[in-house]
Amino acid sequence: MGGCVFCGIVAGDVPAFRVADTPEGVAFLDTRPVFKGHLLVVPRAHLVTLADLPAGELPGYFGLVQRLAVAVEAGLGAGGTFVAMNNKVSQSVPHLHTHVVPRTKGDGLRGFFWPRTRYADDAEAGAYAERVAAALARGPARRASVTHRRGG
């Protein structure tokens, strides 16, 4: 769609620190991150809200969001992630997008009053994007399973 910055990023016409480019969507660093490593995940097609996403595309799109949440945690050593989406209200770009924000205990995020930060420069932003992309390429982090035994 003409004039949509996210469509421009998907098309490759607008520069962005891309982390993933798949048939299900494109992920890139937010230029005004809540915390460094904050990603935006967008579907390839210009859709404004979640309601506009065809039901058949939900598994692929949210599968990508899920993989990226795991990659942010693994790639950045985060304690977890915050995954969120605005529909219309507070949607700064009218193109469906999901935020994947790295979290650590005591990071100061309270409710929806988000502090904003900036990358020192493009090299730092690029390094964050590369770390998450590398973790995404490695696939899901393997979690150790715990075996419970009876008796002694």
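**View 1. Asp-107 counts as buried, at 17% relative accessibility.** Buried here means under 20% relative accessible area, exposed means over 50%, and partly exposed is what lies in between (1.4 Å probe, protein chains only). This is a predicted model, in which local features need pLDDT of at least 70 and side-chain atom pairs count only at pLDDT 80 or more, while totals for chains, interfaces and linings use all residues. Residues are numbered from 1 along each chain as its sequence is written, and side-chain values use heavy atoms, with hydrogens and water left out. The side chain of Asp-107 meets that of Arg-103 in a salt bridge, 2.6 Å from N to O. The cut-off for a salt bridge is a side-chain nitrogen of Lys or Arg within 4 Å of a carboxyl oxygen of Asp or Glu. Arg-103 is partly exposed, with 23% relative accessible area.

View 2. Zoom in on Asp-21 and Arg-44, and the closest N and O atoms are 2.6 Å apart. Asp-21 lies in strand β1 and Arg-44 in the loop between β3 and α2, so the pair ties together parts 23 residues apart in sequence. (Helices, H or I with at least four residues, and strands, E with at least two, are DSSP runs numbered from the N terminus.) Asp-21 is partly exposed at 45% relative accessibility, and Arg-44 is partly exposed at 34%.

**View 3. Lys-36 forms a salt bridge with Glu-124.** Here the closest N and O atoms are 3.0 Å apart. Lys-36 sits in the loop between β2 and β3 and Glu-124 in helix α3, so this pair links parts that are 88 residues apart in sequence. Lys-36 is partly exposed, at 26% relative accessible area, and Glu-124 is partly exposed too, at 21%.

**View 4. Five strands make an open sheet in the order β1-β2-β3-β5-β4, with antiparallel pairing.** To count as paired, two strands need at least two DSSP bridges between them. At the edges are β1 and β4 (80–84), each pairing on one side only. On average, neighbouring strands are turned by 15° against each other, direction ignored. β1 and β2 form a hairpin with two residues between them, and Asp-21 has Val-26 in β2 as its bridge partner. On to β3: Ala-27 stands opposite Val-41, while Leu-40 has His-99 in β5 as its bridge partner.

**View 5. Strand β2 is mostly covered, with five of its five residues buried.** Gly-25, Ala-27 and Leu-29 point one way, and Val-26 and Phe-28 point the other way. Helix α2 lies across β1, β2, β3, β4 and β5, running at about 20° to β5. α3 lies across β1, β2 and β3, at about 45° to β1. Axes are lines fitted to C-alpha atoms, for helices over the stretch in contact, and angles run from 0 to 180 degrees between N-to-C directions.

**View 6. The largest nonpolar core has 25 residues.** A core is a set of buried Ala, Val, Leu, Ile, Met, Phe, Trp, Tyr and Cys residues joined through side-chain atoms within 4.5 Å. Among the residues with the most contacts inside this core are Val-19, Leu-68 and Val-100. Its largest share, eight residues, comes from α2. Leaving aside neighbours within four places in sequence, Val-100 is in contact with residues including Leu-39, Val-41, Leu-68 and Phe-82, where contact means heavy atoms within 4.5 Å. A second, separate core of 10 residues includes Cys-4, Phe-6, Leu-40 and Val-93.
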